[in-house]
Amino acid sequence: MKRALAELPLHNGKAPAALFDRMVRLAGAVVMAIIDEHGSDEMLRRLADPWWFQAFGCLLGFDWHSSGLTTVTCGALKEAYRIYGADLGIVVAGGKGATSRKAPEEITRFADRLGITGGKRLVYASRMSAKVDSAAVQDGYALYHHSFFFTPKGAWCVVQQGMNERGRTARRYHWIGESVADFVCEPHAAIGDLAAAPRADQRPVSEDLLNMVAQEAAPNRAASAALIREEPDHFLETLRASVEGPTLFAPARHALLPIDVDLARLGRIVAAAHRRAPQDFEALLGTPQVGPKAIRSLALTAELIYGAPVARRDPARSDRWADYAYAHGGKDGYPFPVDRRLYEQDIAVVSDAVRRSRLGHTAKTEALRRLARLGG
């Protein structure tokens with residue numbers, strides 16, 4: 001998916017209870033209507049499209065330009081699953097903050113309940129997608145939200161978000177399982193920068209940016225895994241010399257400084273990883289305790305020893321999604337306060353259409369289709 005950037009400022013606060021209740025009911029009705037018409041796999045594809053997702057959040061009445069649109073929309077979908085269960089058509093796990101770390105446990109529980117034989121594969125997808133966007137992609141955004149959506153047949157997608165506290169902006173990462181051939185080489189369906197800023201291709205390259213899932217980073221990924229398979233002392237001695245020894249160069253900031261890494265702690269992590277002998281970068285990334293600092297140290301040392309350059313390409317890829325805020329208004333009063341009467345009316349229309357369709361009465365859903373064609 002090639003998309004223009006969408007950047008949103010970080011906002012505090014939460015959705016009012018009365019609005020969130022309506023968001024849950026409308027979100028549930030819309031999801032069921034889409035799945036009845038197009039199937040659950042198509043629902044996942046739409047959630048994996050950052051612009052469709054943004055339009056959906058606007059339709060639900062959240063602030064169209066707020067980072068909270070991601071967390072609240074995902075929260076409404078998870079609550080809809082709690083209420084409607086299997087009738088919703090997709091399963092929702094994870095969430096914001098500490099709840100995000102419960103995703104593997106929730107996936108396992110839901111998969112057991114639904115009799116999904118690929119539960120372990122789904123847990124692996126959840127963990128690896130989070131590990132990629134927190135450690136393999138170091139773009140200045142700290143991951144704080146992870147929602148995992150899957151179907152009874154085992155298809156999945158991920159919507160997760162990171163924050164840049166210094167810039168007060170958010171970036172959302174979208175994954176769709178059907179297009180992930182390799183977790184560590186261009187795996188994203190799309191990434192959106194969620195306060196107006198230049199396009200990604202107009203930004204200067206940052207020395208702090210590290211993109212280990214870029215296609216051109218393949219030699220460095222292989223070299224990083226090879227470093228771990230060697231004796232840890234060799235790697236640590238090279239790293240110690242690079243951060244403590246003299247340098248012939250005088251950049252504004254060295255590639256790696258002592259403040260970036262705790263050598264004693266890194267030594268313990270490297271020794272533990274060495275014992276696992278990871279055969280490739282994906283296995284290395286999946287090693288417990290191997291986080292951003294360890295990956296950065298390995299990547300830069302691999303560049304020094306093997307001449308395998310690190311990739312510093314920003315992974316964000318470059319509509320009418322804000323128009324959808326005019327459907328019901330927005331929580332912050334823009335473009336106008338939420339119209340509760342209209343909101344309830346639309347919940348009733350969509351919910352009734354779903355109920356009638358499932359009973360075999362399709363006249364109302366046909367009318368909705370005709371209306372959608374006119375709107376397009």
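**View 1. E186 is partly exposed, at a relative accessible area of 26%.** Buried means under 20% relative accessible area, exposed over 50%, and partly exposed in between, with a 1.4 Å probe and protein chains only. E186 forms a salt bridge with R313. The closest N and O atoms are 2.6 Å apart. A salt bridge is a side-chain nitrogen of Lys or Arg within 4 Å of a carboxyl oxygen of Asp or Glu. R313 also counts as partly exposed, at 33% relative accessibility. This is a predicted model: local features need pLDDT of at least 70, and side-chain atom pairs count only at pLDDT 80 or more, while totals for chains, interfaces and linings use all residues. Residues are numbered from 1 along each chain as its sequence is written, and side-chain values use heavy atoms, with hydrogens and water left out.

**View 2. The whole chain has 13 helices and eight strands.** Helices (H or I, at least four residues) and strands (E, at least two) are DSSP runs, numbered from the N terminus. The protein chain holds 376 residues, and 50% of them are buried. Its accessible surface is about 17800 Å². Carbon and sulfur atoms account for 54% of that surface. Areas come from the Shrake-Rupley method with a 1.4 Å probe; for residues, only the protein chains shown count as cover. A search of the whole structure gives 15 salt bridges and seven aromatic pairs.

**View 3. R25 and E344 meet through their side chains in a salt bridge.** The N to O distance is 2.6 Å. R25 is partly exposed, with a relative accessible area of 24%. E344 is partly exposed too, at 27%. The pair belongs to a network of salt bridges that links D21, R22, R25 and E344.

**View 4. A salt bridge joins the side chains of R45 and E178.** Here N and O lie 2.7 Å apart. R45 sits in helix α2 (residues 40-47), and E178 in the loop between β6 (169-176) and β7 (190-193), so the pair ties together parts that are 133 residues apart in sequence. R45 is partly exposed, at 32% relative accessibility. E178 is exposed, with a relative accessible area of 54%.

**View 5. Strand β5 (residues 156-164) is mostly covered.** Eight of its nine residues are buried. Strand β4 (residues 142-150) runs antiparallel to β5, and eight bridges join them. Two strands pair if DSSP finds at least two bridges between them. A142 has M163 in β5 as its bridge partner. Five residues lie between the strands in the hairpin of β4 and β5, where G154 takes a positive phi near 100°. β5 and β6 are likewise antiparallel, with eight bridges joining them. Q160 has Y173 in β6 as its bridge partner. The hairpin of β5 and β6 has four residues between the strands. In that hairpin, R168 takes a positive phi near 55°.

**View 6. One aromatic cluster is formed by Y124, F148, F150, W156, W175 and F183.** Rings of Phe, Tyr and Trp (its six-membered ring) pair if their centres lie within 6.5 Å; planes under 30 degrees apart count as stacked, over 60 as edge-to-face and the rest as tilted. Within this cluster, take W175 and F183. Their ring centres are 6.0 Å apart and their planes meet at 35°, so the pair is tilted. Both W175 and F183 are buried.

**View 7. R109 places its charged end over the ring of F110.** The distance to the ring centre is 5.2 Å. A charge sits over a ring if NZ of Lys or CZ of Arg is within 6 Å of the ring centre and within 35 degrees of the ring normal.

**View 8. Helix α4 covers residues 68-84.** At 1.5 Å a residue, its 17 residues should span 24 Å. The end C-alpha atoms are 24 Å apart, which agrees. The expected span is 1.5 Å times one less than the number of residues. Buried residues of α4 include G68, L69, T70, T71, V72, T73, C74, A76, L77, A80 and Y81. An α-helix has 3.6 residues a turn, so residues three or four places apart point the same way. G85 follows α4, with a positive phi near 60°.

**View 9. A271 lies in helix α9 (residues 263-276).** At 23% relative accessibility, A271 counts as partly exposed. D233 is 38 residues from A271 in sequence. In space, the two are 8.8 Å apart, C-alpha to C-alpha.
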